[in-house]
Amino acid sequence: MARWDIFRQDRAREAELASERPKPQDDSREGSVSVGRGPGDASSSFTSVKPRTQENRLPERSSRHRTRHRDQDRTYSLRHREIVAMTDIGTFRTVDVRDLGRFAYGGNEAAMNYDLGELRAQGLIEEKTVPQAHKESRNVVALTERGHRILRKASGLRKDQAIYHGYVKAREINHDADLYKVYQEAAEEIRERGGKPVRVRLDFELKAAIQRERNALKDRAENERRERLETFAKEQGLTITETVIRVPDVQVEYETRDGELERTNLELISENYRTEGIRSKAESGFTIYARSGDTTRVRRALHDTHTLERILSI
C-alpha cells in the first residue's frame with residue numbers, strides 16, 4: 001500500500017530508498033552528525049534495534065543531501081528521509097515501528113533500523129515496548145520534545161498541521177498506535193479517487209478546538225450557544241446532537257480530484273467500546289474500522305453485516 005504524502009513526492013522517496021539498499025562496506029563513518037528521518041522513515045519490528053553487520057549496513061550518506069538545523073546549542077544535519085519519518089511519527093504521536101517500516105520504508109528493514117538508531121542517538125525519538133493482551137509485545141515510537149522542535153523547523157508542514165511528542169496514557173498507547181495504519185487505509189482510497197490528503201487531525205486537536213469554542217460561548221444565552229455550536233460543528237466537519245459534538249479518532253482533510261476540500265472521519269473500534277458507543281459512532285457518519293477479533297461484535301452491535309465498511313486486521 002502506498003504511503004501518505006503531505007509535502008513530499010512518493011517517487012522521490014522511493015528513489016532515495018532504492019539508492020540506499022544495504023551493501024557490504026568498511027567501518028568508516030563520515031564525521032558530520034546524522035539525525036533521524038521524517039514522516040514515514042523510521043520503524044522496526046524488533047523490541048530493540050539490532051547491531052548492524054557488514055551485510056546490513058547502509059552506504060555512507062553524502063552531506064550534499066543534508067540540511068542543517070540548529071536548536072538551542074546544537075546543530076543537526078538531516079536528510080529528507082529522516083524528516084519524512086519524523087513527520088509521520090509527530091503527526092500521529094505514537095506509531096508502531098513495524099507499521100512505520102511498512103509504510104514509510106517500503107519494507108526496507110536495514111534503512112529502518114539505521115534511521116531509528118540515528119534518531120535515538122540524537123535524542124529526537126524515544127521507543128517503548130508495550131504489552132498486548134494475548135499477543136506479543138509491540139515496539140512503538142514517539143518524538144521527544146527536542147525532536148518536536150526540530151521537526152517544526154525542518155518539516156515544511158502547513159502551520160495548521162499539529163505535531164506531537166511524548167506518549168499519552170499507557171492504557172491508550174495500543175489503540176493510538178494503530179491509528180497510523182487506519183489512516184493509511186483511508187489515504188490510499190482517497191488517492192485512488194484522484195484526491196490528495198493535506199491535513200490530519202487527531203481527536204486531541206478536535207477536542208481542544210471544541211473546548212475553546214465552548215469556553216467562548218459560556219456566557220451566551222442557551223439558544224445562541226446551541227446555534228453557534230451547530231455552526232461550529234458543521235465548519236469542523238463534525239456532527240452534533242443537542243449540544244454533544246461527536247469526535248472521531250482521526251479526521252483527514254483532503255483535496256478532491258476537482259480541487260474541493262473535503263473531510264472524512266475515521267474511528268477505530270476497540271474492545272472497551274459498548275454497543276451504544278459503536279452505534280453512535282456509526283450514526284455520526286464515521287468510517288468504522290475494527291481489528292479482526294472485534295469484527296463480529298461490531299457487526300452485531302450495528303445489526304447489519306454490511307454496515308461495517310472497513311476491517312483493520314492486525
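Student: Which residue in E10 is the bridge partner of Gln251?

Tutor: The bridge partner of Gln251 in E10 is Asn265. This is a predicted model, in which local features need pLDDT of at least 70, side-chain atom pairs count only at pLDDT 80 or more, and totals for chains, interfaces and linings use all residues. Residues are numbered from 1 along each chain as its sequence is written, and side-chain values use heavy atoms, with hydrogens and water left out.

Student: What makes strands E9 and E10 a pair?

Tutor: Two strands pair if DSSP finds at least two bridges between them. A strand is a DSSP run of E with at least two residues, a helix a run of H or I with at least four, and both are numbered from the N terminus. Six bridges join strand E9 (residues 250–255) to strand E10 (residues 261–269), so the two strands count as paired. E9 and E10 run antiparallel.

Student: Where do E9 and E10 stand in their sheet?

Tutor: The open sheet has four strands in the order E6-E9-E10-E11, with mixed pairing. Its edge strands are E6 (196–202) and E11 (287–290), each pairing on one side only.

Student: Why is Asp178 called buried?

Tutor: Buried means under 20% relative accessible area, exposed means over 50%, and partly exposed lies in between (1.4 Å probe, protein chains only). Asp178 has 2% relative accessibility, so Asp178 counts as buried. Asp178 lies in the loop between helix H6 (173–177) and helix H7 (179–192). Asp178 and Leu268 are 90 residues apart in sequence, yet their C-alpha atoms are 8.2 Å apart in space.

Student: Why is H2 called largely enclosed?

Tutor: Of its 13 residues, 12 are buried, so H2 is largely enclosed by the rest of the structure. Among them are Arg81, Glu82, Asp88 and Phe92.

Student: How much of the whole chain counts as buried?

Tutor: Of the 314 residues of the chain, 51% count as buried. The secondary structure comes to 11 helices and 11 strands.
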